[in-house]
Amino acid sequence: MTLENNNSVIFSNNLASDVNALLQGVSSEQLFILTDTQTQQYCLPLLQSEGALQQAKVYTMPNGDDHKTIETVVDIWKFMGENGGTRHSMLINIGGGVVTDLGGFVANTFKRGIRFINIPTTLLSMVDAAVGGKTGINFNGLKNEIGVINPAQNVIIHSDFLKSLDTQNLLSGYAEMLKHGLLSSRNEMARLSSFDATRPDYALLASLIETSVQIKADIVAQDPTEKGIRKALNLGHTIGHAFESYSHATGRPILHGYAVAWGLIGELFLSHKVQGFPQDVMLDTIRFIKENYGVFEITCNDYPALYEYMAHDKKNAAAGEVNFTLLKDVGDIVPNCIVEKELIFQALDFYRDSVGL
């Protein structure tokens with residue numbers, strides 16, 4: 001599968017062999033690996049079992065979104081500089097979305113840019129973070145506030161990693177697949193809404209992943225730098241990022257995909273109210289989310305803080321305006337929808353009603 005700039009996604013059945021094939025001609029002295037504590041233990045051995053990466057220099061960052069910071073970036077820059085890194089180096093990012101986002105930013109800035117490969121190990125990173133070229137870090141309490149858009153040379157998806165993933169993290173990634181389904185077709189939504197994440201059929205999941213990645217790749221190929229249609233990929237994320245940031249600020253952190261799922265409830269409501277999105281599809285999607293994702297508890301008193309996060313979202317074109325991607329129907333995308341504060345509060349009311357608060 002070809003992405004922007006002729007880069008490619010490889011769906012791999014033999015991870016070590018496929019990685020070694022991509023590293024032909026790259027000096028082992030110039031190979032670096034970024035992992036976190038989780039992937040170092042469970043995933044890295046599959047890469048280092050044979051071939052070129054046996055001699056690669058490994059930096060292991062702490063696990064979790066709280067470490068997606070400029071301080072971590074600086075530490076990795078120092079590590080690469082002190083271990084012979086040059087403009088000819090290559091960085092292999094193996095991990096979830098935090099690793100691929102942060103590692104991509106490191107690679108795009110070290111020595112003004114070096115090559116990098118993403119090997120996502122979670123469902124979220126396979127269908128979202130590792131594909132599309134967005135890289136970045138959190139800053140000043142805001143998600144992905146600092147970063148660049150420039151894609152990995154390759155993305156290698158090895159679905160066997162998912163067999164060790166717990167249900168919660170599987171569902172976190174699945175929320176992005178639901179979003180891609182809403183951007184695609186009713187047939188794809190029907191496939192996605194019938195999947196049982198508690199007893200996953202991994203062969204079916206692999207097929208759903210490939211379709212989901214293709215949906216995103218097609219959108220990114222049309223608009224690599226997010227001037228138009230790529231904004232569709234923000235569906236669910238304006239409210240979702242507010243939930244996610246607020247959850248960290250209030251000491252009850254939630255997974256990114258759960259925030260997106262709950263954000264989809266509010267943004268499908270806005271789509272229905274503003275663009276006439278079909279009520280039956282909205283309610284069926286909300287049913288799936290309610291049954292699988294539970295609830296993030298908020299009250300009316302939380303609305304002003306949540307709105308402030310939305311008002312500071314990097315997707316907004318002007319101060320005082322909150323910009324949404326909305327839908328007229330499944331696959332009928334309307335970017336750049338400015339929504340007034342009162343209607344956003346109604347969307348938060350609808351979210352609370354939908355999840356039983």
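At 7% relative accessibility, Phe195 counts as buried. The model is predicted, and a search of the whole structure finds 13 aromatic pairs.

**Aromatic pairs**

- A pair of aromatic rings is described by the distance of the centres and the angle of the planes.
- The whole structure holds 13 such pairs.
- The ring centres of Tyr174 and Phe195 are 5.3 Å apart and the planes stand at 20 degrees, under the limit of 30 degrees, so the pair is stacked.
- Because Tyr174 belongs to helix H7 (residues 167-182) and Phe195 to the loop between helix H8 (186-193) and helix H9 (202-222), the pair ties together parts that are 21 residues apart in sequence.
- Tyr174 has a relative accessible area of 1% and is buried; Phe195, at 7%, is buried as well.
- Tyr258 and Tyr293 form an edge-to-face pair, with 4.9 Å from centre to centre and 75 degrees between the planes.
- Tyr258 lies in helix H11 (residues 256-275) and Tyr293 in helix H12 (residues 279-293), so this pair ties together parts that are 35 residues apart in sequence.
- Tyr258 is buried at 10% relative accessibility, and Tyr293 is buried with a relative accessible area of 3%.
- One aromatic cluster is formed by Phe243, Tyr258, Trp262, Tyr293, Phe296 and Tyr351.

**Buried face of helix H13**

- In helix H13 (residues 303-311), the buried residues are Tyr303, Leu306, Tyr307 and Met310.
- Viewed down the axis of H13, these buried residues fall within an arc of 100 degrees, so they line one face of the helix.
- An α-helix has 3.6 residues a turn, so residues three or four places apart point the same way.
- The cover over the buried residues of H13 includes helix H10 (237-249), strand E9 (323-329) and helix H14 (341-355).

**Largest cavity**

- Rolling a probe the size of a water molecule over the atoms shows where empty space is left.
- The count comes to two cavities of 30 Å³ or more.
- The largest cavity contains about 100 Å³ of space.
- Its lining consists of Leu142, Lys143, Glu145, Thr238, His241, Ala242, Ser245, Tyr309, Met310, His312, Asp313 and Lys314.
- Met310, one of the buried residues of H13, is among the residues that line the largest cavity.
- At least two lining residues come from each of strand E7 (142-149), H10 and H13.
- H10 gives the largest share of the lining of this cavity, four residues.
- By class, the lining of the largest cavity divides into four nonpolar, four polar and four charged residues.

**Second largest pocket**

- About 220 Å³ of space lies in the second largest pocket.
- The second largest pocket has 14 lining residues, and those nearest its centre are Asp65, Asn138, Gly141, Leu142 and His248.
- Leu142 is also one of the residues that line the largest cavity.
- Strand E6 (134-139), E7 and H10 each contribute at least two residues to the lining of the second largest pocket.
- H10 supplies the largest share of the lining of this pocket, three residues.
- The lining of the second largest pocket has four nonpolar, six polar and four charged residues.

Conventions
Residues are numbered from 1 along each chain as its sequence is written. This is a predicted model: local features need pLDDT of at least 70, side-chain atom pairs count only at pLDDT 80 or more; totals for chains, interfaces and linings use all residues. Side-chain values use heavy atoms; hydrogens and water are left out. Buried means under 20% relative accessible area, exposed over 50%, partly exposed in between (1.4 Å probe, protein chains only). The arc is that of the directions from the helix axis to the C-beta atoms. Contact means heavy atoms within 4.5 Å. On a 1 Å grid over the protein atoms alone, a cavity is a set of points where a 1.4 Å probe fits but cannot get out, and a pocket is an open set with protein on both sides within 12 Å along at least five of seven lines; lining residues have an atom within 4 Å of a point. Grid points are joined across faces, edges and corners, and a volume is the space filled by probe spheres set on the points. Ala, Val, Leu, Ile, Met, Phe, Trp, Tyr, Cys and Pro count as nonpolar, Asp, Glu, Lys and Arg as charged, and the others, Gly among them, as polar. Rings of Phe, Tyr and Trp (its six-membered ring) pair if their centres lie within 6.5 Å; planes under 30 degrees apart count as stacked, over 60 as edge-to-face and the rest as tilted.
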